Amino acid sequence: MHKYFPHTENDLKDMLAKVGVSSLEDLYAEVPQEIRFQGDYQLPSEMSELEVRQLFERLGSQNKQLVCFAGAGVYDHYMPSVIPNLLQRSEFLTSYTPYQAEISQGTLHYIFEYQSMMAELTGMDISNASMYDGTTATAEAVMMAVAAGKKQRKVLVSETVDPKTVDVVKTYAHFHGIDIEMIAAKEGVTDLAAMRSQLSAGDVAGVVVQQPNYYGIIEDYTGVADAVHEQKALFIMNSVIADLALLKTPGEWGADIAVGDGQSLGIPMQWGGPYVGYMCCTEKLIRKMPGRIVGKTLDNRGQRAFVLTLQAREQHIRRQKATSNICSNQSLMALFVTIYCSLMGKQGLKEAAELSYAGAHYLCDELLKTGRFSLAYQQPFFNEFVVRYDGDVDALQHRLREHGIFGGVKVDDHQLMFAVTEKRTKEEIDKLIELL
């Protein structure tokens with residue numbers, strides 16, 4: 001019946017006898033009938049390659065391409081066209097963790113370069129290369145803080161951190177016995193007085209903030225690192241990595257751990273993933289860092305070589321005793337980020353950030369001129385901001401979509417969050433304003 005399955009009838013009988021059942025259906029005897037799928041799968045008959053291509057072209061033509069003015073953690077940045085071609089080179093493209101250095105020099109090399117770039121962008125000492133996305137990287141940083149604190153089981157998280165990230169952190173924390181306590185927000189930024197009060201109560205392993213925060217606001221964290229360190233806790237900062245081309249780095253703010261998503265470094269939005277999380281830290285925390293770290297050395301011929309360092313493979317397969325269970329992550333998106341940063345260079349990253357910043361402020365000014373919008377927070381923002389609208393937010397977004405524009409992210413019934421990247425032109429912004 002299944003010509004691609006290697007098992008014979010005798011093989012199936014032997015396996016069923018080994019587990020003590022008489023048929024394949026008996027394997028599912030404990031699954032209630034009411035939740036089993038009834039009927040046939042709606043699968044088309046077999047097709048030729050040409051027919052399959054035509055089918056997907058027809059399906060793809062049903063998608064409506066929108067000009068994106070939305071962000072909230074995912075941004076429509078420019079992707080140099082050469083990246084997909086370089087990604088597929090055989091010395092880079094692999095699905096396996098590069099434990100065997102002799103045959104993994106290409107993978108190890110780009111991971112080393114990726115780590116160097118992330119460390120420079122964040123102003124931190126060390127970077128790893130094994131985080132899945134920004135939310136899980138933040139959750140791993142929380143666990144790392146608790147592991148470093150040993151007896152402290154509480155972590156403070158600002159209410160200005162992206163709610164999606166907070167949800168993931170709370171899920172991780174629940175299953176690791178960690179207490180998450182939120183720091184109140186005041187006028188769109190972290191209430192530092194409330195944070196200091198919560199710190200003084202003790203038993204705090206770490207404090208998590210975001211820069212720019214969820215509302216796009218650039219927060220002032222002067223003195224926060226000192227306050228956190230006075231209580232023997234770790235300061236964790238989540239950032240949109242592309243914005244760090246212009247902003248003060250987590251290292252300059254005195255952070256112990258810098259985390260976030262690398263999607264803003266040219267990775268297409270692609271319906272929510274795959275993305276890449278980054279994690280950087282101070283040198284003293286390197287032994288607590290999850291995932292892998294690649295180092296550079298010399299081989300017995302004196303030539304440059306790259307190897308996994310400071311941790312053995314066995315560290316990843318110790319289940320509950322492991323630093324983390326993130327291990328066989330192929331780092332394909334880390335390679336994407338490495339190529340992007342290499343092509344853009346320092347000046348290119350700065351120019352992209354400057355264009356995003358300038359575009360957002362131009363859009364904001366034009367929105368305010370209509371008389372129908374007002375800034376939700378009187379705070380400095382980067383390339384994203386929240387405005388109040390005096391009409392029906394849902395109707396407004398629907399109207400924009402009808403004209404090919406994805407008009408921001410709805411915060412509540414009266415507030416919208418707009419984002420602008422270097423891809424948005426003045427003509428596109430003016431068209432949005434004209435429609436309003």
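**Pocket, helix pair and backbone**

In this predicted model, the largest pocket holds about 590 Å³ of space. Its lining has 16 residues, and Cys68, Met269, Gln270, Trp271 and Phe406 are the closest to the centre.

Q: How do the residues of the lining of the largest pocket divide into nonpolar, polar and charged?
A: Nine are nonpolar, five polar and two charged.

Q: Why is α5 called oblique to α6?
A: The axes of α5 (residues 134–149) and α6 (residues 163–174) cross at roughly 45° and come within 8 Å. Angles under 35 degrees count as roughly parallel and 65 to 115 as roughly perpendicular, so an angle between those ranges is oblique. That makes α5 oblique to α6. The crossing is right-handed.

Q: Which residues of α5 meet residues of α6?
A: From α5 come Thr135, Thr136, Thr138, Ala139, Glu140, Val142 and Met143, and they meet Lys164, Thr165, Val168, Val169 and Tyr172 of α6. This contact divides into six nonpolar, four polar and two charged residues.

Q: What makes the peptide bond from Gln211 to Pro212 stand out?
A: Most peptide bonds are trans. The bond from Gln211 to Pro212 is cis, with omega near -15°, and Pro212 sits in the loop between β7 and α8. A cis bond also joins Gly273 and Pro274, with omega about 5°; Pro274 is in the loop between β9 and β10.

Terms used
Residues numbered from 1 in each chain as written. Predicted model: local features only at pLDDT ≥ 70, side-chain atom pairs only at ≥ 80, totals over all residues. Heavy atoms only, no water. Axes fitted to C-alpha atoms, helices over the stretch in contact; angles between N-to-C directions. Helix = DSSP H or I, 4+ residues; strand = E, 2+ residues; numbered from the N terminus. Parallel < 35°, antiparallel > 145°, perpendicular 65-115°, else oblique. Left-handed = near helix turned anticlockwise from the far one by under 90°. Contact = heavy atoms within 4.5 Å. Nonpolar A, V, L, I, M, F, W, Y, C, P; charged D, E, K, R; others polar. 1 Å grid on protein atoms, 1.4 Å probe; cavity = no way out; pocket = protein on both sides within 12 Å on 5 of 7 lines; lining within 4 Å. Points joined across faces, edges and corners; volume = space filled by probe spheres on them.
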